[in-house]
Amino acid sequence: MDRQFAGRHAQIATQRAATAQVVEALDAFCNAEHVPDEVAWRLRVVLDEIVANIVTHGRAGTGEKPVFDVWFRAEPDAVEVTVADDGPAFNPLLQPEPDTTLPLASRQPGGLGITLIKSLMDDVHYERTDRNILTVRKRLGSTAVTSNGNQ
Amino acid sequence: MNIQQTDQEGVAIIEPSGRIDTTTSGTLEDVLRRTVDAGARRLIVDLAAVEYISSAGLRVFLVVAKRMRDLHGRLILCGMPEPVAQVFRLAGFMALFQVEGSRQSAVARMSNAA
């Protein structure tokens with residue numbers, strides 16, 4: 001197993017605590033692996049979006065907080081982050097994305113997280129086992145913005 | 001996150017530093033809300049010291065932009081580092097805001113329109 005286990009985040013009390021915890025783990029990973037700043041900030045934004053989604057959608061209606069695990073993996077030419085949560089099946093890639101061309105009066109903030117995840121990463125992969133498993137990948141040295149059809 | 005607040009010639013200037021994400025966006029939202037509540041109608045947010053912004057932060061800017069529009073106030077953003085500008089572009093937010101390169105040009109633009 002060459003993934004670096006970033007800790008089990010069980011029974012996270014609040015969204016603030018959850019994201020702060022995983023972003024801290026990501027910081028340590030990026031420092032240890034000398035991940036370039038241009039890639040590291042993208043990973044931080046994307047991880048913030050993923051965890052926010054899990055906390056919002058995970059175990060909706062039960063009042064329970066979702067449990068999730070995070071793995072980081074550094075390869076010679078790419079960095080991969082995997083997040084697995086035990087919430088109900090939820091594929092963020094199938095959620096409708098907001099129209100980013102609407103004027104201010106018609107703009108709603110929802111859904112922008114998915115747009116950012118897709119645009120800031122090179123690959124995004126969703127898999128459902130008994131958990132939701134989302135893997136994002138960013139190649140090193142390829143920081144061109146990925147078109148998501150909205151631009 | 002650290003947030004500097006300055007009043008320059010009747011213009012409220014807010015300068016957050018660090019990361020604007022799920023963890024910190026509430027703090028920024030509070031400061032902006034209080035500033036507008038206190039009567040500021042000419043507002044500049046200087047983003048020069050911001051490392052990055054996630055959608056939680058974009059939401060804060062959307063809220064303050066709508067509120068300033070309702071109050072017939074003016075909001076100018078300035079000093080966006082590339083990671084911040086990139087997220088604003090991806091979200092289609094560049095068209096929703098008046099954006100200036102430097103604080104100096106933001107203040108000048110605000111004064112010209114007064």
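Two residues are in contact here if their C-beta atoms, placed from the backbone, lie within 7 Å. By that rule, the contact between the chains takes 21 residues from chain B and 22 residues from chain A.

A word on what we are looking at. This is a predicted model, in which local features need pLDDT of at least 70 and side-chain atom pairs count only at pLDDT 80 or more, while totals for chains, interfaces and linings use all residues. Residues are numbered from 1 along each chain as its sequence is written, and chains are lettered from A and ligands numbered from 1 in the order in which they are written.

Now chain B. Helices (H or I, at least four residues) and strands (E, at least two) are DSSP runs, numbered from the N terminus. On the side of chain B that touches chain A, β4 (50–53), α2 (55–70) and α3 (82–90) each supply at least two residues. The most comes from α2(B), with eight residues.

Next, α3(B). I call a residue buried if 20 or more other C-beta atoms lie within 10 Å of its own, exposed if 12 or fewer, and partly exposed in between, again with C-beta atoms placed from the backbone. The buried residues of α3(B) are B:Pro83, B:Val84, B:Gln86, B:Val87, B:Phe88 and B:Leu90. Their cover includes α2 and α3 of chain A, together with β4 of chain B. After α3(B) comes B:Gly92, with a positive phi near 70°.

Over to chain A. How many residues of α3(A) are buried? Nine of its nine. They pack against α2, β4 (123–128) and β5 (132–139) of chain A, and against α2 and α3 of chain B.

How do α2(A) and α3(A) meet? Axes are lines fitted to C-alpha atoms, for helices over the stretch in contact, and angles run from 0 to 180 degrees between N-to-C directions. The axes of α2 (residues 37–57) and α3 (residues 112–120) of chain A come within 9 Å and cross at roughly 145°. On the α2(A) side the contact residues include A:Arg42, A:Val46 and A:Glu49, and on the α3(A) side they include A:Gly113 and A:Leu116.

Last, the core. A nonpolar core is a set of buried Ala, Val, Leu, Ile, Met, Phe, Trp, Tyr and Cys residues joined through C-beta atoms within 7 Å. The largest one has 65 residues, and A:Val46, A:Leu47 and B:Ile44 have the most contacts inside it. Its largest share, eleven residues, comes from α2(A). Leaving aside neighbours within four places in sequence, A:Val46 is in contact with A:Leu116, A:Ile117, A:Leu120, A:Met121 and A:Val136.
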